[in-house]
Amino acid sequence: FVASSIQTFIKELTPFVKQCKVVQVSILHYFSQFVPLETELINITLLVKNNCGGINMCIIIIKPKGKSLPTYDIFKNCWNHNNHGIGFMYHKNDRVIIEKGYMDFISFEKKLNVLEKKIDIKNTTIVFHFRISTSGNIDKGNCHPFPISFNNNSLRATNIETVLGIAHNGTIFHYTEMDKILNDTQLFIKNDLYTLYRLDNHFYF
């Protein structure tokens, strides 16, 4: 369905969630200068968690080029509900830079301060990921994003340059019980996406 506002979206979504017809909600959040949506963003996450048996979903925030960073309150709300680690990726000189493994909010906040001095944040697209674990270790290496790779060390690297970065929210159930260390997204990349990439490195277009 199409909703005219985020409030209408939540209202329309509620009956479907209560019947557990919705098991995953993905939100690409475009940050406006005049519409604060952090409360509504968390409401949608809690709505699904409270009505479908504790379904866990990571939160992905996309900060487009030309927009300012989300507010402190938005980041803090995401952390308060998804505190199994933070990571982000951004584009620089035809490469994707992945930095992750922030296991407390203070270390993430300090890294943002460093990043603001390192790159032109406003004119850089950045993808942030707040993890809530469904499989694999809860540690720095299993934070998102990930490079597209077959190598375990690369998939768990906390600082890496790559040609393509991937962040995911939801659960890939086929891979949830297959490894004691890697999570379902890492296994999906390793066993499926990497093969597609080897066959056609523009398969995602």
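# Loops, sheet and helix packing

Pro 145 lies in the loop between strand 4 (126-130) and strand 5 (146-147). Helices (H or I, at least four residues) and strands (E, at least two) are DSSP runs, numbered from the N terminus. The model is predicted: local features need pLDDT of at least 70, side-chain atom pairs count only at pLDDT 80 or more, and totals for chains, interfaces and linings use all residues. Residues are numbered from 1 along each chain as its sequence is written, and side-chain values use heavy atoms, with hydrogens and water left out.

**Backbone exceptions**

Most residues other than glycine have a negative phi, and most peptide bonds are trans. His 144 and Pro 145 are joined by a cis peptide bond, with omega about 0°.

Asn 93 is not a glycine, yet its phi is positive, about 50°. Asn 93 sits in the loop between strand 2 (86-92) and strand 3 (95-102). Asp 94 is placed in the loop between strand 2 and strand 3 as well. Phi of Asp 94 is also positive, near 65°, and Asp 94 is a residue other than glycine.

Asn 93 counts as exposed, because its relative accessibility is 64%. Asp 94 counts as exposed too, at 67%.

The hairpin of strand 2 and strand 3 has two residues between the strands. At its end, Lys 92 has Arg 95 of strand 3 as its bridge partner.

Five strands form an open sheet in the order 1-4-2-3-6, with antiparallel pairing. Strand 1 and strand 6 are the edge strands, each pairing on one side only. Direction ignored, neighbouring strands of this sheet are turned by 15° against each other on average. Two strands pair if DSSP finds at least two bridges between them. The pairs are as follows.

| Strand pair | Bridges | Sense |
|---|---|---|
| strand 1 (residues 59-63) and strand 4 | five bridges | antiparallel |
| strand 2 and strand 4 | five bridges | antiparallel |
| strand 2 and strand 3 | seven bridges | antiparallel |
| strand 3 and strand 6 (residues 159-162) | four bridges | antiparallel |

Ile 62 faces Val 127 in strand 4. Phe 88 stands opposite Phe 128 in strand 4, and Gly 87 stands opposite His 129 in strand 4. Val 96 has Thr 162 of strand 6 opposite.

Burial comes next. In strand 4, five of its five residues are buried. Which residues cover each face of strand 4? Ile 126, Phe 128 and Phe 130 are buried on one side, and Val 127 and His 129 are buried on the other. In a regular strand the side chains alternate between the two faces of the sheet. Strand 3 has seven of its eight residues buried, so it is largely enclosed by the rest of the structure.

**Helices**

Helix 4 lies across strand 2, strand 3 and strand 4. Its direction is at about 15° to strand 2. Axes here are lines fitted to C-alpha atoms, for helices over the stretch in contact, and angles run from 0 to 180 degrees between N-to-C directions. Contact means heavy atoms within 4.5 Å.

Two packed helices are described by the angle between their axes and the distance between the axes. For helix 3 (residues 72-81) and helix 4 (residues 105-118), the axes come within 11 Å and cross at roughly 145°. The crossing of helix 3 and helix 4 is right-handed. A crossing is right-handed if the near helix is turned clockwise from the far one by less than a right angle, and left-handed if anticlockwise.

Helix 3 contributes Tyr 72, Phe 75, Lys 76 and Trp 79 to the contact, and helix 4 contributes Phe 105, Phe 108, Glu 109 and Leu 112. These residues divide into six nonpolar, no polar and two charged. Ala, Val, Leu, Ile, Met, Phe, Trp, Tyr, Cys and Pro count as nonpolar, Asp, Glu, Lys and Arg as charged, and the others, Gly among them, as polar.

The buried residues of helix 3 are Ile 74, Phe 75, Cys 78 and Trp 79. They lie on the same side of helix 3 because they cover an arc of only 130° around the axis. The arc is that of the directions from the helix axis to the C-beta atoms. An α-helix has 3.6 residues a turn, so residues three or four places apart point the same way.

Asn 83 lies in the loop between helix 3 and strand 2. With a relative accessible area of 37%, Asn 83 is partly exposed. Asn 83 and Asp 104 are 21 residues apart along the chain, and their C-alpha atoms are separated by 7.5 Å.

Notes. Buried means under 20% relative accessible area, exposed over 50%, partly exposed in between (1.4 Å probe, protein chains only).
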